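Please look over the sequence and the model shown below before reading the notes that accompany them.

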Amino acid sequence: MSYYSLLTCSTIEKGTSSIHPWYGSDIFDLDQFINDSRKIVINQFRFPRGIKTAGFKEIRWTSPYLHGKYLHDYLEFINLIFKDVKFIFLTRDLHEIYESQVRAGFGTQEKGYDYFSEHVIDFYEKMRSSNLPIFEIDYKDITFLSEKMVSMFEFLDADYNVDRIRSIISTEHSFANAKKFTSTALVPSTLLSTAAPTQPPERSADYTGIELEVGGTVVRIGPQASEPQIRAVIRGLKSRL
């Protein structure tokens, strides 16, 4: 936002007189601002010295986070800062993203699946129409040692260390949420083979009192469980068998 404010100033008549409303605007230096922004990012992330490739994950791409700026403007600004930047565009099944946000308590279900999916699809379309250096990969291709993942490392010109990557993949990350639900989730046995619906219902039927044993783990029904939560827990338990 600061950069685009300065960019606007550069198009306005310079105020060389102290009585001019834009007096002093001629001293702004866009190139210096870009260089200073690059230093700020590097200093804040504290990238280790001597590394070949450094990066970070950014999930704040929606309009409220961008304060009215377009996604493309934001990506172009990052491109200006780093010059040799490359973007990894990570996609995922819309139902899985929706369920994940519901589990995390983001309040996504309050506006419903249709509203949520519309915004994600719009984001996908904007990324795919960009002329920036972007590599697209899906979530399902980073949960195991896939050919797509190898191609991603080639795109980044980064070292592909199989042992290190295998260690990272085998480490439980955000899906630790499943542990929290194993004592409260509602799991009817009929859902084990049920495909994801075209539009996930916001509330499950009343399965209170039903128990299901998956790989030695007993899962009990909780009165507040939704079907997206139930399906997510089942998948998590089955993946550990």
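## Basis and confidence

This is a predicted model, in which local features need pLDDT of at least 70 and side-chain atom pairs count only at pLDDT 80 or more, while totals for chains, interfaces and linings use all residues. Residues are numbered from 1 along each chain as its sequence is written, and side-chain values use heavy atoms, with hydrogens and water left out.

The chain averages a pLDDT of 75, and 69% of the residues score at least 70; pLDDT is the predictor's confidence in each residue, from 0 to 100. Among the elements of the chain, strand S2 (residues 134–138) has the highest mean pLDDT (95) and helix H9 (residues 177–181) the lowest (40). Over residues 176–205 the pLDDT is below 50. Where pLDDT is low, the predicted coordinates should not be read in detail.

## Helices H2 and H4

The axes of helix H2 (residues 30–45) and helix H4 (residues 71–82) come within 8 Å and cross at roughly 90°, which makes H2 roughly perpendicular to H4 (65 to 115 degrees). Phe33, Ile34, Ser37, Arg38 and Val41 of H2 meet Phe77, Leu80, Ile81 and Phe82 of H4 in this contact (heavy atoms within 4.5 Å).

## Thr91 in strand S1

Thr91, found in strand S1 (residues 87–91), counts as buried because its relative accessibility is 6% (buried means under 20% relative accessible area, with a 1.4 Å probe and protein chains only). Not counting residues up to four places away in sequence, Thr91 touches Tyr124, Arg128, Glu136, Ile137, Asp138 and Tyr139.

Definitions and conventions
Axes fitted to C-alpha atoms, helices over the stretch in contact; angles between N-to-C directions. Helix = DSSP H or I, 4+ residues; strand = E, 2+ residues; numbered from the N terminus. Parallel < 35°, antiparallel > 145°, perpendicular 65-115°, else oblique. Buried < 20%, exposed > 50% of the residue type's maximum accessible area, 1.4 Å probe, protein only.
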